[in-house]
Amino acid sequence: MSSLEERIDTLRALVRTLTDASEAVIAAWQRDAAAPPAPKSLASSVPSHALFDARRTAIGAAGMLMVLVQDPRIRAMELCAQYLEARAWHIAVEKSVPDVLAEAGPGEGVAIQRLSEATGINEDKLIRVMRCLCSNHTFSEVREGYFANTHMSEALVGNQELAAWIISMSRHQYASSVKLPEVLYDPVKTHSNSDRDTAFNAYHQTNLSHWEWLEEPVVHPDGSKGPKPDLEIFSMAMRGGGKAAGPPLYVDYPWDSIKGLVVDVGGGVGGMCLDLGTLYPHLEFVIEDRAPVLEQAKELWAKELPGHVASNRVSFVPHDFFTSQPVHGAAVYNLRYILHDWDDARALAILRALRPALGADSRILVCDQLLDTTRGSPHIAPAPPPLPANYGCALRMAHARDLNMLALSNGRERTPADVARLAARAGLRVARVWPCRGLVWITELRVAE
């Protein structure tokens with residue numbers, strides 16, 4: 001337990017850190033406001049390095065300060081109830097509350113009666129959900145019983161893909177976490193890394209993996225079969241999450257210097273490559289996934305980047321990434337949101353299947369949330385003191401995502417050391433960790449020397 005003097009010194013240091021970071025944020029805002037208007041693009045949403053660093057420092061300091069000054073008993077109680085705030089947010093997004101609030105003019109707000117009518121939720125119960133979300137600054141109550149969007153909730157207005165990400169998390173990913181204690185306490189399942197011994201399986205009472213469950217058709221009342229609604233939501237969610245987290249990957253890695261093919265391994269419909277093709281027209285792509293997914297990919301590319309299709313700068317190859325890679329000597333083998341779905345044994349199998357295809361100048365890019373611990377990593381620059389090395393609260397999402405992967409498929413987010421160990425076992429090495437100004441970073445792997 002820290003002494004009174006240590007707590008006082010830490011609090012003062014945190015206040016100074018928060019003040020300095022806040023001034024840096026303000027300066028960045030002012031620079032942006034004074035700059036000539038720039039065309040809206042994928043890259044325009046990426047913050048400057050100064051703003052990104054100031055944001056995470058401010059978030060880390062604010063979170064640490066809150067814990068330091070709060071009564072620890074109240075903090076303990078509050079922490080265990082935070083899932084209810086998440087549930088309130090799920091309800092608001094699923095019922096399109098941000099879109100309804102956007103109907104009102106600035107400062108007017110929308111009456112709770114209108115929100116009740118739009119959502120079908122009892123007025124008295126809905127106002128309690130809304131006030132919960134006002135207290136954490138998600139919405140604001142501009143006058144008694146009238147609610148408006150904040151800067152945060154405005155991000156959901158008209159954004160069906162980001163809403164799908166939140167709904168997908170709510171319906172079967174977040175919901176599965178209810179069973180996480182049961183699985184972790186089970187004397188057998190706690191030691192299993194099978195993607196069928198998970199909280200997801202326990203919650204849905206299924207022996208299917210998450211992917212198999214999503215693709216399992218549903219039987220309609222007339223006996224006909226159709227796709228599960230969750231599959232469409234999940235597909236849209238992946239695109240929405242990619243748009244939110246993707247742009248830093250496109251500007252913080254030197255894609256303009258890449259010569260040769262970019263193979264998107266398990267690339268789904270090729271959403272990342274669509275964005276890269278827009279920003280870097282010289283790039284050529286191979287999208288690899290299961291055949292049914294690639295049919296969707298072809299339609300999407302024909303609509304969004306028909307020039308690449310017509311000039312054969314994109315091709316679509318059915319491929320199981322646990323089997324030998326058919327395309328040899330490509331410049332890049334891209335693994336975005338792939339390794340984190342799997343335990344170490346399966347992740348190693350994916351890397352070993354890729355290794356023989358690599359040429360001398362080939363690289364594998366692992367695009368996942370990169371975990372850092374409060375103790376830090378030699379691959380990642382530490383936060384300024386008195387913050388923990390990983391910026392603490394600024395990295396909450398990465399650790400929450402790690403637990404989500406545990407609940408969903410026994411997958412995991414990894415530290416640089418975790419990735420390095422897997423790489424070495426596959427005959428690869430970590431050439432460089434590329435810090436990106438967002439949630440997802442790039443770990444570049446090369447053939448071991």
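User: How many helices and strands are there in the chain?

Analyst: Helices (H or I, at least four residues) and strands (E, at least two) are DSSP runs, numbered from the N terminus. The chain has 19 helices and 12 strands. This is a predicted model, in which local features need pLDDT of at least 70, side-chain atom pairs count only at pLDDT 80 or more, and totals for chains, interfaces and linings use all residues. Residues are numbered from 1 along each chain as its sequence is written, and side-chain values use heavy atoms, with hydrogens and water left out.

User: Which residues have the most contacts inside the largest nonpolar core?

Analyst: In soluble globular proteins, nonpolar side chains tend to be buried together. Buried means under 20% relative accessible area, exposed over 50%, and partly exposed in between (1.4 Å probe, protein chains only). A nonpolar core is a set of buried Ala, Val, Leu, Ile, Met, Phe, Trp, Tyr and Cys residues joined through side-chain atoms within 4.5 Å. The largest one has 60 residues, and those with the most contacts inside it are W255, F285, W301, Y333, L335, L351 and I364. Helix 17 (residues 344-354) gives the most to this core, with five residues. A second, separate core of 28 residues includes V110, F139, L156 and A164.

User: Is N334 buried or exposed, and which residues is N334 in contact with, leaving aside its neighbours within four places in sequence?

Analyst: Contact means heavy atoms within 4.5 Å. N334 lies in strand 9 (residues 332-336) and is buried, with a relative accessible area of 1%. Apart from neighbours within four places in sequence, its contacts are W255, V263, D264, V265, M272, L365 and C367.

User: Why is C132 too far from the closest cysteine sulfur for a bond?

Analyst: A disulfide is a pair of cysteine sulfur atoms within 2.5 Å. The closest cysteine sulfur to that of C132 is in C134, 9.2 Å away, and therefore too far for a bond. C132 is partly exposed, at 27% relative accessible area, whereas C134 counts as buried at 15%. The count by this rule is zero disulfides.
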